[in-house]
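Grab a viewer and work through them in order.

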Amino acid sequence: MTTIRNRPEARWLPSRFHFALFRLYAAVRLYTAKPSDILPETMVVLAVDRDQSLEQYVVAVWLFLTTTAYVTSLLPIHPLVALPLAAIVSPFLLQLPTFLVGGVILPRFRPNHTANGIAVMGVLTAASLAYAYSHRWPRIVAFVFIGAMASNVVAAGVAWALRSRIAGLEREYLQS
Amino acid sequence: MTGQPWRRRLLAHGVFWRQLLRWGVFNIPPWLEPIAIGFWSLLFLLWTAGRRGVMANLAMMKPTSTTAGNLFRTYRVFWNHAWTIADNVRFKELRTVPDWQFLGTSHYEALQACQGGAIILTAHMGSYDLGAQLFAEHADRRIVMVRAPEIDPETRRFEEEVKDRTVDERLQVGFNTQASDLAFELLDELRQGHIIAIQGDRVTPGIASMNTTLFGKTVALPAGPFALAMASGVPIYPLFVVRRGRRRYGLLTFEPIHVVRRSRDRDEDMRAAMARWTDVLQQVGSAYWFQWFNFYPYAEKA
């Protein structure tokens with residue numbers, strides 16, 4: 001794995017991000033970043049891996065809130081009572097597709113992140129489409145989800161069009 | 001020998017959780033990890049002995065804290081523990097390296113450059129395993145990591161199989177079950193110029209110890225590292241690998257402790273070195289209490 005030493009601004013390398021929206025944001029941040037000072041008696045080593053950044057927390061929180069909203073609306077009890085129950089159950093529900101795909105269908109101890117990711121996002125997309133066509137209050141949450149997915153597709157197109165410039169921006173750090 | 005009952009596998013030290021963690025590292029997408037780890041850490045709060053141990057330690061470290069506050073702090077400890085063991089398995093299985101911030105680089109470089117052997121003294125804090133493996137990959141000599149064996153025999157077999165398959169051959173593991181046998185082996189390693197890594201914040205049965213004061217309580221800590229340092233003449237480097245965020249670790253290296261025979265009282269000389277170690281341990285423990293993975297009370301309550 002490639003690592004970069006003593007250049008803290010390299011945390012904005014687009015190669016350290018997974019989703020296109022975040023990669024584009026990182027490219028802008030990297031373009032405008034100024035070299036940071038290293039404190040005495042300190043050394044920083046950054047790994048260049050597409051799942052390295054805090055982006056994963058942002059996505060995780062978003063998926064958790066989305067699933068909690070859907071489950072809350074499904075429970076036949078008052079929303080104020082349903083909400084904490086949904087918050088406890090939602091993390092387990094989000095993992096269910098991975099138990100099926102990565103626990104039963106595919107070999108268990110091979111990297112199955114892509115297949116499991118498609119399974120989870122596929123289920124959420126289907127649920128969001130169903131809510132988007134319904135008249136229940138999570139419609140708004142569903143539109144946000146679908147909007148984010150669509151934005152990411154557009155961002156992927158933009159990132160592909162700018163791939164040479166982004167690669168040039170990163171080259172300075174990767175060769176140092 | 002018959003197979004283990006299924007119930008035993010589900011206990012806190014049972015092999016089921018190691019297998020589940022390994023499966024999770026191969027299958028949970030990175031953007032789902034915070035959710036999975038949050039959920040399973042919450043489930044582990046049901047482990048009564050561990051929860052009570054951590055809460056007892058927090059109550060002693062933070063005397064003015066409330067029980068409710070310590071319950072949330074305990075969850076934070078469990079959360080951090082889950083992340084560190086997941087990162088360790090991810091490194092072993094997928095060679096995924098985290099970001100590192102080295103603090104105290106002059107001491108770290110001195111440790112790397114010292115001609116003779118050295119002792120790394122650390123705690124059950126952050127990722128001891130990950131730090132040892134990374135150190136072994138960049139060092140030009142062998143590292144012997146001393147640890148207590150797994151309680152559950154099936155878990156022990158599982159971990160040994162993983163270690164044989166994934167760990168750098170320059171990293172050896174020595175189990176401190178028979179203190180006297182191991183001591184001679186470790187002394188020999190030090191005299192050959194290799195490095196010994198020991199966790200010095202907890203005593204297991206059969207291990208020589210010495211009383212000292214930690215967070216205002218009298219506690220027994222391992223005396224072995226200090227005896228080894230005195231016998232071999234090598235320095236002890238307090239070193240901690242602490243988690244600073246998602247896939248981000250800090251490697252804190254402190255000024256070396258030299259255990260020098262100054263008087264006729266060997267224990268007194270060792271006690272002085274132990275006091276320096278305890279000061280460092282308390283300093284780091286205060287700052288990183290949420291990563292002190294000591295699931296048993298470190299001292300008797302007053």
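**Exercise 1.** Which residues do ring pairs link into a cluster in this predicted model?

Solution. Start from the ring pairs and follow the links: they join A:F92, A:F99, B:F16, B:W17, B:W23, B:F39, B:W40 and B:F44. For context, the count over all chains comes to 29 aromatic pairs.

**Exercise 2.** Classify the pair of B:F16 and B:W17: stacked or edge-to-face? Then say how buried each residue is.

Solution. Step one: a pair of rings is described by the distance of the centres and the angle of the planes. Step two: for B:F16 and B:W17 those values are 4.9 Å and 80°. Step three: planes over 60 degrees apart count as edge-to-face, so that's what B:F16 and B:W17 are. Step four: B:F16 has 30% relative accessibility and counts as partly exposed, while B:W17, at 18%, is buried.

**Exercise 3.** Over which ring does the charged end of B:R22 sit, and over which face does B:R73 lie?

Solution. Take B:R22: its charged end sits over the ring of A:F109, 4.5 Å from the centre. Then B:R73: it lies over the face of B:W289, at 6.0 Å from the ring centre.

Methods. Residues are numbered from 1 along each chain as its sequence is written. Chains are lettered from A and ligands numbered from 1 in the order in which they are written. This is a predicted model: local features need pLDDT of at least 70, side-chain atom pairs count only at pLDDT 80 or more; totals for chains, interfaces and linings use all residues. Side-chain values use heavy atoms; hydrogens and water are left out. Rings of Phe, Tyr and Trp (its six-membered ring) pair if their centres lie within 6.5 Å; planes under 30 degrees apart count as stacked, over 60 as edge-to-face and the rest as tilted. Buried means under 20% relative accessible area, exposed over 50%, partly exposed in between (1.4 Å probe, protein chains only). A charge sits over a ring if NZ of Lys or CZ of Arg is within 6 Å of the ring centre and within 35 degrees of the ring normal.
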